[in-house]
Amino acid sequence: MLLLDAPKNRLVRIIRYRGGKGVGSKLRQLGLCPGREVKILRYAPLGGPVMVDAEGRSVAIGRGIASRVDVEVV
Amino acid sequence: MRIALIGQPNCGKSTLFNQVAGYKAETGNFPGTTVTYTESKVRVMGEVVVVVDLPGTYSLAGTNPAEREVIKYLTSNDVDVVINVLDASHLSYGLTMTVELLELNIPMVIALNMMDEADRTGIRINVERLEGMLGTPIVPMIASKGRGIQPLFIKAYQIGQQKRLPSQPKYSYDLERYLEILRHDLEHVNSHLKPRALAIKLLEGDKEILQDVAKQEPKVLSTLKTLHDSLKHERGQTPEWVINGERSGLADNLAKAVIQQGKRHITFRDKLDDILLHPFFGYIFLILILYIFFELVYSFGGLLETPLMGLFTQVETWLLSFFDNATGFFPQITVALIQGVSGGVAIVLPYLVPFLIGLGILEDVGYLPRVAFLMDAFMHKIGLHGKSIVPFILGFGCNVPAIMSTRILEDKRERFISAALSTMVPCAARLSVVFGLVAFYLGPVVALAIYLFNMFVIALTARILSRIVPDESPGLILEMPVYRIPTGRTVFNKAWWRIREFIVEAWPLLIVGSVLLAILNYINVAQYMNALVRPLSWILGLPNEVGVPLIFGILRKELSLVMLGQALGSMEFGDVLTPVQMITYAVFVVFYIPCLATMVVIRKELGGKMMWQIVGMTTLIATLAGLLARGVAEMVF
């Protein structure tokens, strides 16, 4: 499942990133590493970013990037 | 002794620095506000030590220039001890970089900051246990309240004196074996990094370090290739990912071992995002908050401007009464001097001060990243990112801080486009032209129309520019900081920091410009300047005399209104200009060449080439927009 399609307010575990190296390292820096559990908090309307909770830290991620992260429901 | 502060963005590092150094670093509740490093001398245990505030980075991977600089700085011989500032409320993230710092093997102390935040979220940390596991002293503290700062620096001082090195993080057996093999080849390599740290960076694939090492010890290349391939084969991942996985795994284990998660108190602050980022009400609040902000700035500024201007006019009349002939050289210079001074005191500062204080509050509360979140979709429609909205908002006050704020954008392209566009946002100075000329003579509706037209042109330019310079960055990834109640001290200090910048850098320029103009007028070169601008003023259907005010408007945008009166021989613009001319002139002034202060900042932030590109672009846009406005206005009036 893609992070973008993950159900709201449900914990999901990051499996891997697809696509560019730049995206991976940026996500990793913000603590969204493979293996960690995150939760989608809200979506901005009109195709805006999604807001993800990563262990108490909120991170806004553009939908293009959220659709390149594979996750599984915990 | 030299102490370096390092930590991830938003861990309160700059707050800590300002507590010990007085106000020197800009803080903001926006990730990555500190871009350069600041130094300050502080007295610890009777000795003067230098404290350095390094820019906040999420890792030490050396993937961007800032991170590379940080590593170089840390491993140079100058730094005696490093203070690693950690946000106690997000321990496992911060610890990932702590592990990276430990690899560098330099004397180190950990400042466990934001203990109050951790308490609030129900996190209890076993500090002694963490200290034992890391082999590094830890001092718990609350930088914003000044707690724990003295013990921290005493500890850092002691560690620096003893040159005590931290214990090294232990990775999985196989990885350690690889590092050991590589380390053997690196024994005689001359580097600012220690052999083990060097081995890690090489295995991670740092190209710059590899080039340097390969020059000294060519056989490393083949060893590295073998190790790289076999590690990749064994783990099914590139070594870069293996190492990063090990680091974050270690950090997670450390955090798990020392954190006791108690009950999280859900407070109003946690619920705030549900309202402020609501898909519908979020936008209502956004408009409301910005409206209140500008309303306060303009009403406060207006309250001061009129009496202050009156005062300066009186002083001017009084001084002129000492001269027999008011049109002579010295009285003209006197008038120019007073106008230069009054421009700063009466026109700029009344708006700048409340604007900066209000902005500081919005920044420190943590609202600006939320604006980026809300506006990202709209900004994408014109080919930009949500973060670019921040320079635009700032631009309405003054383009100078707007250009500075483009630092929050990582990408060079994004920075250029945002900087170029924010120079077209009508700042407070240009507001005086739109209001003083158009709103006063033709009514507020026409002024509003000019503002809407301005937004339309900016959006159109953004679209065109984003086509010419294609987007390469993948999209928004931005941390939303926790809402914080700003302290009066940091807000006022920050505002004062920027006001001082205006007073020392821009204001003298206004005074000199004003005097220069008086001299030019006196020696009668105005006609040549008008001739220079004539091609432009002619196609826009403006009188010949607008040349001088337009040229001097580049020095300071208010001059294009004040001097228009002088040039046309009457401040009653209704008698000397037609409505079409007023609109065309105002539109042209809104768009053309940014003021000198803005140009200076663009050159400083983005380089001279981009400054000239922006100058050329805005002149072209101003002419086209002026022509369009002229055409439309001729149909209406």
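The contact between the two chains takes 25 residues from chain B and 29 residues from chain A, where two residues are in contact if their C-beta atoms, placed from the backbone, lie within 7 Å. On the side of chain B that touches chain A, at least two residues each are supplied by helix H3 (91-104), helix H11 (239-258), helix H15 (368-381) and strand S9 (477-480) of chain B; helices (H or I, at least four residues) and strands (E, at least two) are DSSP runs, numbered from the N terminus. This side of chain B divides into 13 nonpolar, 10 polar and two charged residues, with Ala, Val, Leu, Ile, Met, Phe, Trp, Tyr, Cys and Pro counted as nonpolar, Asp, Glu, Lys and Arg as charged, and the others, Gly among them, as polar. This is a predicted model, in which local features need pLDDT of at least 70 and side-chain atom pairs count only at pLDDT 80 or more, while totals for chains, interfaces and linings use all residues. Residues are numbered from 1 along each chain as its sequence is written, and chains are lettered from A and ligands numbered from 1 in the order in which they are written.

Strand S9(B) is joined by four bridges to strand S4 (residues 57-61) of chain A, and the two run antiparallel, with Ile477(B) in S9(B) standing opposite Ile61(A). Two strands pair if DSSP finds at least two bridges between them.

Within chain B, six strands form an open sheet with mixed pairing, in the order S2-S3-S1-S4-S5-S7. Strand S2 (38-44) and strand S7 (138-140) of chain B are the edge strands, each pairing on one side only. Strand S5 (residues 108-113) of chain B runs parallel to S7(B) and is joined to S7(B) by three bridges; Leu112(B) has Pro140(B) of S7(B) as its bridge partner. Helix H1 (residues 13-21) of chain B packs on the sheet, where strands S1 (2-7), S2, S3 (47-53), S4 (81-87) and S5 of chain B are touched by this helix.

Elsewhere in chain B, the axes of helix H19 (residues 428-442) and helix H26 (residues 579-591) come within 10 Å and cross at roughly 165°; axes are lines fitted to C-alpha atoms, for helices over the stretch in contact, and angles run from 0 to 180 degrees between N-to-C directions. H19(B) is therefore roughly antiparallel to H26(B), a term used for angles over 145 degrees. By class, their contact has 12 nonpolar, no polar and one charged residues.

Definitions and conventions: Angles under 35 degrees count as roughly parallel, over 145 as roughly antiparallel, 65 to 115 as roughly perpendicular and the rest as oblique.
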